Amino acid sequence: MKTRRAGTTSRSSPSEEAFLRKYRPADFPRPSVTVDIVALSIIDAELRVLLVRRGEHPFKGAWALPGGFVRVGDGHRDQGEDLDAAATRELREETGLRPEDVYLEQLGAFGQVGRDPRMRVITVAYYALVRPDLVPTVRAGGDAATAEWITARGLAPNEVGFDHAEIIDRAVLRVAARIDSSSIAASLVSKTFTVPELRHVHATLTGKPQDPGNFRRKFERLIDEGVIERAPGKRITASKPALVYRFRVTPERGTPCVRLSE
């Protein structure tokens, strides 16, 4: 039996070509598909999410996640853009952030009936982790009137449009679950950092205090494994200048790099 790999196009039979020429997608009900971006950063010692003030209906004037519709073609020859391509495009258009500057990963699909008052819309959500030094570069785009970094935990459903409060909660739980089993913390800390600064990132994400001694041992293991290295210079603190470090390799999308948990 001949098989066709998903995402590839192989030579089809004459009968299939004839079928596709006559096929009319508009004859069948189809939901629309969007992508939404949960951009997270640590600002003023808090986990914040980037929300945009909607400039158009529905939910005009309400806070919402940056995102938009996936571009879909009109038939089997033109099927539009991939989900990842739509997510990176919306990230750039809605926030001004470049995909190569953030950690971007798919979170999941949300398709509850009635989540969008316009029509049946299924969204595929992504989360993006933004280093604090990139926060000043963020700008509102698209149909957004303004953009602001809002405290991520405890948002009520009536504070944001659509089902975006649920999506944000899901993203925070995902990142908190991964922070101790991967090196995604590299995308939430400045390019250079001290040991207490990285410890604070882990405490902020998990919502749990990190014992300094235990964390120092984990940190030293990362140095031994070549994940973290000393960086030039020192950080001025209230007591004495502190050594600064940097991640040698930033995490690729969707790939856990290092186990930091004990």
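1. The second largest pocket of this predicted model has a lining of 21 residues. Arg54, Gly67, Gly68, Arg118 and Phe162 are the lining residues that lie nearest its centre. Strand E1 (32-43), strand E2 (46-54) and strand E4 (67-69) are the elements that each give two or more residues to this lining. The space in the pocket amounts to about 270 Å³. By class, the lining divides into eight nonpolar, five polar and eight charged residues.

2. Phe162, one of the residues nearest the centre of that pocket, belongs to the loop between strand E7 (144-151) and helix H3 (164-178). Most residues other than glycine have a negative phi. Phe162 counts as buried because its relative accessibility is 15%, under the 20% limit for that class.

3. Although its side chain is charged, Arg115 counts as buried, at 8% relative accessibility. Which polar partners does the side chain of Arg115 reach? One is the side chain of Asp163, with a polar contact of 2.8 Å; another is the backbone oxygen of Val121, at 3.3 Å.

4. Thr34 is found in strand E1. With a relative accessible area of 7%, Thr34 is buried, and its side chain makes a polar contact of 2.9 Å with the side chain of Thr123. Sequence neighbours within four places aside, the contacts of Thr34 are Gly68, Phe69, Val70, Val121, Ile122, Thr123 and Val124.

5. Asp44 is found in the loop between E1 and E2. Is Asp44 buried or exposed? Its relative accessible area is 66%, so Asp44 is classed as exposed, whereas Phe162 is buried.

6. The peptide bond between His57 and Pro58 is cis, with omega about 0°. Pro58 lies in the loop between E2 and strand E3 (63-64). Most peptide bonds are trans.

7. Strand E8 (residues 228-235) and strand E9 (residues 242-247) pair in the antiparallel sense over five bridges. The two strands form a hairpin, with six residues between them. Within this pairing, Ile228 stands opposite Phe247 in E9.

8. Ala203 has its place in helix H4 (residues 195-206). Apart from neighbours within four places in sequence, Ala203 is in contact with Lys208, Pro209 and Gln210. The C-alpha atoms of Ala203 and Ala176 are 9.4 Å apart in space, and the two residues are 27 apart in sequence.

Note on methods:
Residues numbered from 1 in each chain as written. Predicted model: local features only at pLDDT ≥ 70, side-chain atom pairs only at ≥ 80, totals over all residues. Heavy atoms only, no water. 1 Å grid on protein atoms, 1.4 Å probe; cavity = no way out; pocket = protein on both sides within 12 Å on 5 of 7 lines; lining within 4 Å. Points joined across faces, edges and corners; volume = space filled by probe spheres on them. Helix = DSSP H or I, 4+ residues; strand = E, 2+ residues; numbered from the N terminus. Contact = heavy atoms within 4.5 Å. Pairing = 2+ DSSP bridges. Buried < 20%, exposed > 50% of the residue type's maximum accessible area, 1.4 Å probe, protein only. Polar contact = N/O pair within 3.5 Å; in protein donor to acceptor, adjacent residues only side chain to side chain.
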